[in-house]
Amino acid sequence: MIRILLPLKDIDLFYYYKPSEFTLKKNLKYYKANDFLNSRLTVSPKQNGDGYNLIDGYLPYQAFYYENENQCQICNLKLYDEKTQLISSSRELFTQLRTPWVVKYRMLNTLKKYVTIPSELRNQLNLNQFELKRYDIHSDVPLQYINKGIELNVCPMLNKVCSLNTIKEEVRDYLYEITILETDNPKRLTTGNWHILKYMLKNSPQFYSQNTSMQIQFIENFIINYKTVLTDTWKHYLDSMEKDCNYEDDVNTSPGVFQ
């Protein structure tokens, strides 16, 4: 196998996602202790001859780049065409790395320019049909929500809302809108809200007989604000129990009529 010494700065990545500082430090300590880097970084020359693309070894690359971006490292050299480079790099991304959904979505869209047949793409990435669909956006999701969904990394939730075909279109639009609210907005549709919504829709058939505005109001009051509702109910029952206990104590300690 051919090996070359390269500055990390001369190696480009097909996708970018910086792990947390804690993860980078932990990985750096591990790779140094096990001398893993020399056997893990694989590169291939760019088609225009200007530098190299990283094919395999994303995690060690990030760890050593974090330590010192100006350092050089020994890399395994593979002479791949651009399509093979993309596919080889994507295998690590889809099968080994824990990255945000949007990173895999963008890489998948790039791959589709080179591999147009879905079955071939699945085979190349070692993914099944369900796994491949996870990193795509459903064709029925309205266009006006997609860009913001990509920006906020909430497209999987947009897909879930799209699949909810038992509700009225206006209610679904409301769910789309609160899905793409900023992350610090308390009215945003979260995974926790979603699970509760699915449960309540399944077990509350009366919901569907309500008009659109009432359905939206129910969702906002009891699903989006479920923590407030739960907390208030919890406190109410605790207060009631405490009052009952105090009442019983008063009765038990009160002097009898004939005393």
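Me: Which residues is N193 in contact with, leaving aside its neighbours within four places in sequence?

Reply: This is a predicted model, and N193 lies in helix α11. Once the neighbours within four places in sequence are left aside, the contacts of N193 are R188, I223, I224 and Y226.

Me: Does N193 count as buried or exposed?

Reply: Buried means under 20% relative accessible area. The relative accessibility of N193 is 3%, so N193 counts as buried.

Me: Which side chain has a polar contact with that of N193, and which backbone oxygen lies 3.2 Å from a polar atom of the N193 side chain?

Reply: The side chain of N193 is joined to the side chain of T190 by a polar contact of 2.8 Å. The backbone oxygen at 3.2 Å from a polar atom of the N193 side chain belongs to I223.

Me: How far does helix α11 reach from its first C-alpha to its last?

Reply: Helix α11 covers residues 191-203, which gives it 13 residues. At 1.5 Å a residue, 18 Å is expected. The reach in the model is close to that, at 19 Å.

Me: Where around the axis of α11 are the buried residues N193, W194, L197 and L201?

Reply: N193, W194, L197 and L201 are the buried residues here. They cover an arc of only 100° around the axis, so they lie on the same side of α11.

Me: Which exposed residues does the face of α11 turned away from its buried side carry?

Reply: Exposed means over 50% relative accessible area. On the face turned away from the buried side of α11, the exposed residues are H195, Y199 and K202.

Me: Are helices α4 and α6 roughly parallel or roughly perpendicular to each other?

Reply: Helix α4 (residues 82-95) packs with helix α6 (residues 118-125), their axes being 9 Å apart and at an angle of about 65°. Angles of 65 to 115 degrees count as roughly perpendicular. The two helices, α4 and α6, are therefore roughly perpendicular to each other.

Me: Which residues of α4 and α6 make the contact?

Reply: On the α4 side, the contact is made by K83, I87, S90, R91, F94 and T95. On the α6 side, it is made by E120, Q124 and L125.

Me: Which residues does Q71 touch, not counting residues up to four places away in sequence?

Reply: Q71 is found in the loop between α3 (58-67) and β5 (72-77). With a relative accessible area of 14%, Q71 is buried. Not counting residues up to four places away in sequence, Q71 touches L6, P7, L8 and F64.

Me: How far apart in space are Q71 and K9, C-alpha to C-alpha?

Reply: In sequence, Q71 and K9 are 62 residues apart. In space, their C-alpha to C-alpha distance is 8.2 Å.

Me: What does the side chain of Q71 reach at 3.2 Å, and with which side chain does it make a polar contact?

Reply: At 3.2 Å, the side chain of Q71 reaches the backbone oxygen of N68. Its polar contact, at 3.1 Å, is with the side chain of E67.

Me: What is the phi of N126, and does N126 count as buried or exposed?

Reply: N126 has its place in the loop between α6 and α7 (129-134). Although N126 is not a glycine, its phi is positive, at about 60°. With 56% relative accessibility, N126 counts as exposed.

Me: Where is E220, and with which side chain does the side chain of E220 make a polar contact?

Reply: E220 lies in helix α12 (residues 212-224), and at 24% relative accessibility E220 counts as partly exposed. Leaving aside its neighbours within four places in sequence, E220 is in contact with Y174, K187 and N225. The polar contact of the E220 side chain, at 3.2 Å, is with the side chain of K187.

Me: How far apart in space are Y52 and D10, C-alpha to C-alpha?

Reply: Y52 is in strand β4 (residues 52-56), and the residues Y52 touches include D10. Y52 and D10 are 42 residues apart in sequence. Between their C-alpha atoms, the distance in space is 6.5 Å.

Definitions and conventions
Residues numbered from 1 in each chain as written. Predicted model: local features only at pLDDT ≥ 70, side-chain atom pairs only at ≥ 80, totals over all residues. Heavy atoms only, no water. Helix = DSSP H or I, 4+ residues; strand = E, 2+ residues; numbered from the N terminus. Expected span 1.5 Å × (residues − 1). Buried < 20%, exposed > 50% of the residue type's maximum accessible area, 1.4 Å probe, protein only. Arc of directions from axis to C-beta. Polar contact = N/O pair within 3.5 Å; in protein donor to acceptor, adjacent residues only side chain to side chain. Contact = heavy atoms within 4.5 Å. Axes fitted to C-alpha atoms, helices over the stretch in contact; angles between N-to-C directions. Parallel < 35°, antiparallel > 145°, perpendicular 65-115°, else oblique.
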